[in-house]
Amino acid sequence: MIDGVVECMVKRNMTMGAAAGRGGIIAFDLLFVFAMVWVSLLKPELVFMTPLLLIIPILLTFFVFRNTNLEYEYAYFDGELVVDKIMGRKVRKRLATYNINKMEVMAPVGSSHIRNGKGEHPIVDYTAHGDHSDSYSLMVYDKNNSLIELRIDPNDDLIAALSKAGGRKVYIEQDNE
């Protein structure tokens with residue numbers, strides 16, 4: 001058994017959807033402010049409502065930016081791999097807990113050791129969404145006892161801990177360059 005906790009933090013790269021969401025909310029904010037100024041000039045009696053209505057784009061911008069700034073934390077302790085999502089460096093949400101004793105195999109993404117059958121099992125991706133050169137796939141059973149492919153970006157300490165716990169189920173392949 002591993003003494004202590006092995007943790008790994010991975011900052012998720014900005015996806016096209018997140019960038020589009022941020023750009024869209026900024027465009028919405030600019031249009032909203034322009035509309036509020038225009039309405040205030042046409043109807044001066046509505047000027048008092050402008051500060052109240054500005055709360056809407058401020059809150060929307062806050063939530064969009066917070067939810068697109070993501071980090072994943074993997075923590076291994078006592079035979080369990082816990083995956084948390086951290087939004088905006090403040091809000092932590094527990095995504096899943098996996099029992100490593102129920103792991104079938106662990107290997108780099110794209111390895112021949114991982115079953116690549118289409119539709120056989122769902123893929124749960126907790127990677128940084130960059131190139132998958134450092135990503136690993138774990139074939140593990142979830143809490144419903146169904147087989148899933150879990151993708152993570154572990155550091156060397158977490159790979160060593162999972163290798164020690166998984167034994168022959170863990171394949172660490174070196175680059176052949």
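I located Phe34 in helix α1, residues 16-42; helices are DSSP runs of H or I with at least four residues, strands are E runs of at least two, and both are numbered from the N terminus. The model is predicted, so I took local features at pLDDT of at least 70 and side-chain atom pairs at 80 or more, with totals for chains, interfaces and linings over all residues. Residues count from 1 along each chain as its sequence is written, and side-chain values use heavy atoms without hydrogens or water.

I found Phe34 exposed at 58% relative accessible area (buried is under 20%, exposed over 50%, partly exposed in between; 1.4 Å probe, protein chains only).

I then looked up the rings of Phe28 and Phe32: their centres are 5.7 Å apart and their planes at 40°, so the pair is tilted (centres within 6.5 Å; under 30 degrees stacked, over 60 edge-to-face, the rest tilted). Phe28 and Phe32 are four residues apart in α1, about one helical turn. Phe28 is partly exposed at 33%, whereas Phe32 is buried at 17%.

The largest nonpolar core holds 26 residues, and Tyr74, Leu81, Tyr126, Leu138, Ile152 and Leu158 have the most contacts inside it (a core joins buried Ala, Val, Leu, Ile, Met, Phe, Trp, Tyr and Cys through side-chain atoms within 4.5 Å). Helix α4 gives the most to this core, four residues.

For Tyr126, leaving aside neighbours within four places in sequence, I listed its contacts, including Tyr72, Tyr74, Leu95 and Ile152 (heavy atoms within 4.5 Å).

Key
Rings of Phe, Tyr and Trp (its six-membered ring) pair if their centres lie within 6.5 Å; planes under 30 degrees apart count as stacked, over 60 as edge-to-face and the rest as tilted.
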